[in-house]
Amino acid sequence: MTPQAQKAIRDDLITSDKREINAIAMEVFSNRMLSITESMAIQMMRSSFSTQIKERRDFSVGIFDARGNLIAQGTHIPLHLGSLLGATEALLERYDVANMVEGDAFICNDPYLAGGTHLPDIAVITPVFIEGRLMAFAANIGHHSDIGGSVPGSISAKSRSIFEEGLRIPIIRIARAGVLDEDLLNLISTNSRLSEERRLDIQVQIAVNNRGGEETRALFTRMGLDAAQTAIEDVLFYTSERLRRRIELLPAGSFSFTTWLDDDGSGSDPLPLVATVSPRGDALHVDFDGTGPQAQGALNVPRNALRATVYYCIKALLDPELMANSGMFEPLVISAPKGSIANPNFPAACGARSITCQKLAGAVFGAFREILTVDRLVASSNDLLPTISFSASKPDGGLYHYGETIGGGSGARHDGDGMDAIHVHVTNSLNLPVEALESEFPFLCDEYSLVVDSGGAGRQRGGLGIARQIRALHDGTIVSVRSDSYIHGAEGIAGGATGGLSTLTRNPSSDRQESLPLKVSYMVIGEGETVRIHTPGGGGFGLPSERSIEDIARDLRDGIISRPAAERDYGSEKIEAALNLL
Amino acid sequence: MYRIGVDVGGTFTDFTVTNTATGENRYFKLSSTPADPSVAIVDGIEQVLKTFDIAPADVSYIGHGTTVATNMIIERRGVPTALITTKGFRDVLAIGRQTRPALYDVSITKPDPLVERFRRREINERLNAKGETLKGLDKNELETVLDELSETGIKALSVCFLHSYRNAAHEEEAAQIIAAKLPGVYVSVSSRVLPEFREYERTSTTVLNAYVGPKMADYFDRLEEQLRERGIPVAPMTIHSNGGLLSIETAKRLPVTTCLSGPAAGVIGSAVVGAAAGVGKIVTYDVGGTSTDVSLIVDGRPKFTSSRDVAGYPVKLPMVDIHVIGAGGGSIAHVDDAGALKVGPRSAGALPGPIAYQRGGEEPTLTDANICLNRLNPVALLDGRMPIDRAAAVRAIEDRIGRPLSISGEEAAYGILQVAVANMSRAIRAVTTEQGHDIAEITLFAFGGAGPLHAAEVAREAGIRRILVPQEPGTMCARGALLLDVSLDFVRMQLVEATADGWQQACEALGEMLKEGNAWLEGEKVDADLREFHLAIDAHYAGQTHDIRIPLTGVDSDGLARFLADFAQAHKAGYGYDIPGQSVIIVSCRLQAVGRVPKAITATYSGGESVAAAKSGEREVYYGPQEGWCTTPIFRRSALPVGVDVAGPAIIDEMSSTTVVLAGQTAAIDAFGNIIITN
């Protein structure tokens, strides 16, 4: 355990005073706050230009109290849990609230200076005044399409430092007393390849906060400021109390699990990602000591992306209904060694943090294996965010660009097989339908299917990964792929087998077939050439020998497992019996 | 003559009868018969005819909304179904959109596809996105596959090839071969069910259609036959999720369109009743036993959507946009281990139901709270047919809610009500502000058994100033079935840039669709002078994916400039900006063919003599810690006079519902028989 973690844990063990809450007023207040964040979220989604905000809902909105406690947050992406915290902390550190006035708004994105998680995520924070008194902050953060840097979209796994990833914005005032700082807006938007879009989206963000601020002001005024303050304290206390109850049920001790990043994008050896969870009374420490060194590329996870990853894990593992507010963060202590991929030193690049976040989430899930009751256990999943992108020149000289992230199998649970073909952990993005892909881009999708035999064998089988095969229709098509898990697959539980691995193949089933590494940049392919990616399957649960004959028969009938793989995993005797059922 | 509207719900089958000569409505309710829903419909109609002394030959119309298809999907009681699809794509149904159903809860898993993998078979054939043939349909392979599938005992078969929305030739070719080879099998073809792009949603919708097809056809046949046997001269109509009427013939071909038919009829009915009453902006608020349905109506037009799930399976057909939240009368209240009061999402449903109903319920529900507070009749409901055990409800709320929170029983019951109301208000605010409307301009249209009971509190919480409670709100969906037009939606994908050429293509498509729509209305036996056609184009800026629907007044080959201007304006209204110079993509052409059904709502409601005469008693009702218990007059709705104010607090009772009016609010019956409550 790192020294700062030990200290933090000691501090945290001083349990807060118990508090009598007004249960009814608090529940009504929570609903009212969620109504405000929902209305902010709707406005943000409807008005924004960035595809990531509009279509993939890669944004979040929230309301903080005057001290910087998160009261309510609206988000569709777990990686955004607590993503607004860093910005608000930076604001309160840098600026004196006494100097803020109504109509001010602040902006930031930097992971090192302003609690960001990567540069395309820009946050705007707006203080909310009632009768001249600072009562709250409205905040939102959204993934902008481009913020400059070495590549379009600003994210390249190959970036060597944050200076290659785009414009860094420390926490800074963008509007003063209701007047937008046009010069600053101009500077920021000029640094984006899509500057008009930036200019508009930032104004949308300011407008969203104004709306949230107005509604908060109306609510607090209607309730009375004292009642509002009491309800805030109740809801924060209740949330932390609720999580503490869950933590108290866990056995004391330290429990570790290791997942692997098979390379860091710069040809490194496999990198261990180690999570150790230590329940101590009603507090919980999550430490990443033993995790490998920071990457030369952009796979590093800055502090707030790590926090979001851990918050996601805790919510998923201990209490999925837990409200996302500062109360939830209170019983948790998070630490990672300086200079590791989970706590990189400035100016390490971190644009492509998501893959690492997924692996870290997998490590935290793994560390909980020994301490959760069986009904909450899940074998490891495709803890990845495989990204493929294809681009080609248009006849008129422009550029087509198609990119998406691909799901995989999830881990088996004690009472059921894993889910096939889904996004796990910190993301949950829609695919691009094949018919939409082929309508918009000069590519053909030859196949979009489940990967047979990719589910880890077990009493309950892991879910299957996805196969996607794309054919280029033009010469000079440029392919980039960012994936992992070609050495280490998803581990099973209680004797369950490991799930299938990632593969990437050029021109499969032809005499030009070629196996590719799982991180490819700017590979040029010609007309008629194909690229096929397989994403990993999930791990199994329980010994394969305990799988029922009926389940094996069904898998064989459905072609989910091939006969040779079935015989290898379950034995020829069982296969005979299963085949007799068909 | 008499027109009969029917709504088949999970617990009750409701009836509304209109005398076309007088405009007078009668209402009736009996228990549903889930094993064969047509039994309750036919029994009910017999009883209705007897009770109201109507000759079968005098029935001029029967329209019914039904959840038969939905329940079949939820309970997975459809038939063994196969899927024929393009080589390489049999797992589209299993992959879906590659998302998981719950972000945090790993125990919630996506449902297994309705067609098992061994019955999902691939055939060599391929079109590109322009609809050009890259590879012809391999008929021999199809024949072999059909032989193999028929051995697996399939009763229905769906066909979905890539890009068939552009060119249906391969699907039609395959359909012919299937019809010849497997004559007894129900066939559902994607280009006929939903000729729109996005293969997962199209496949899912087509598969659902096949899955429920054979049993729905049996159900419709049985219903038609039994009504004929009883001397009713008209064939029953059914309702689709878009709130339009369909003949049984069309419904048998497209049964998946009936998935949301009951609630849709309720919303369309609300729109008609609301428009007659002169209300511009409405949020419908339909509270049932397990859920609350909320939807927005502006200027008599409900909002439509085409992305809904049924039991986790997407159905991408145009339907009334109804927002459903898991809070209803049966929602269970509990105090969690950290001391918060939660209401729902668990529900006691119809069984075991609320404690006070004495059907085995042990956990306090929202209905129990209303009984404790004396808002609901604490002795009996449904005109005295259902006895109530208030003491048991009070005891449970004191034990399970009051004690852990250190508050009194009535405070606990009031707390349950407040928490539920806050949750429902949130949904109402969301559907209102999502469309950019000001909540203060909204009228809350309350129906369902428990809508009027909570409407006053919900309106106050949400900032709504006006409430409309229609007659017999508990049977509003059945009444809605009397207020619908015949309609069907047609769509053709275009995906062309809105240039002169693209516009020409769109106009040609619309012209053909008009012919198609006319032919369909002809088949539905709609007279030419009652036919209407609503044309629209879905479009987006190049690079976007969210479509905006632009209504057209007609097919106008010179209309491009006007269309582009309308699009820019609509984009600005919806998103706050437009992008001059950016090219616009025409995604699809849409046509709704409508056959108008005569159904005027007249202001002929007569009402009772006086408020005093309508008063049936009074009881102590609890209104929160500040106001406490207040003596509240109880009125019989049918006896209240038109146009006379009743000051709150007051309770207005009728067979299917109870309306609460709070202090500071005023209720009055309007000329259509609605209760209007204002703050």
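Predicted model: local features only at pLDDT ≥ 70, side-chain atom pairs only at ≥ 80, totals over all residues.

Student: What is phi of Ala311(B) near?
Tutor: Near 50°. That is a positive value in a residue other than glycine. Most residues other than glycine have a negative phi.

Student: Which residue of chain A has a positive phi?
Tutor: Ser485(A) is one, with phi near 60°. Ser485(A) sits in the loop between β16 (477–482) and β17 (503–506) of chain A.

Student: And is Ser485(A) buried or exposed?
Tutor: Buried. Ser485(A) has 29 other C-beta atoms within 10 Å.

Student: What about cis peptide bonds? Where is one in chain A?
Tutor: Between Phe346(A) and Pro347(A), with omega about 5°. Pro347(A) lies in the loop between β11 (332–335) and α10 (353–367) of chain A.

Student: Which residues does a cis peptide bond join in chain B?
Tutor: Gly648(B) and Pro649(B), with omega about 0°. Pro649(B) is in the loop from β33 (646–647) to β34 (650–654) of chain B. Most peptide bonds are trans.

Student: Switching to sheets. What is the strand order in the open sheet of chain A that includes β16?
Tutor: β13-β12-β16-β19. The sheet has 4 strands, and the pairing is antiparallel.

Student: Which strands stand at the edges?
Tutor: β13 (399–405) and β19 (519–525) of chain A. Each has a single partner strand, so one side of each lacks a neighbour in the sheet.

Student: How about the twist?
Tutor: The average is 10° from one strand to the next.

Student: How many bridges link β12 and β16 of chain A?
Tutor: 5 bridges, in the antiparallel sense. Strand β12 covers residues 387–393. Thr387(A) has Arg482(A) in β16(A) as its bridge partner.

Student: What does Leu444(B) touch?
Tutor: Leaving out residues up to four places away in sequence, Leu444(B) touches Val283(B), Tyr285(B), Ala455(B), Val458(B), Ala459(B), Ile464(B) and Ile467(B).

Student: Last topic: chain B overall. How many helices and strands are there?
Tutor: 17 helices and 37 strands. Of the 679 residues of chain B, 54% count as buried.

Student: What radius of gyration does chain B have?
Tutor: 26 Å. A compact globule with 679 residues would have a value near 26 Å, so chain B agrees with that. The C-alpha atoms of chain B fill a box of roughly 80 × 60 × 50 Å along the principal axes.

Student: What share of the contacts in chain B comes from residues 24 or more positions apart?
Tutor: 67%, among contacts with a separation of 6 or more.

Methods:
Residues numbered from 1 in each chain as written. Chains lettered and ligands numbered in written order. Contact = placed C-beta atoms within 7 Å. Helix = DSSP H or I, 4+ residues; strand = E, 2+ residues; numbered from the N terminus. Rg over C-alpha atoms; globule rule 2.2 N^0.38 Å. Buried ≥ 20, exposed ≤ 12 C-beta atoms within 10 Å, placed from the backbone. Pairing = 2+ DSSP bridges. Axes fitted to C-alpha atoms, helices over the stretch in contact; angles between N-to-C directions.
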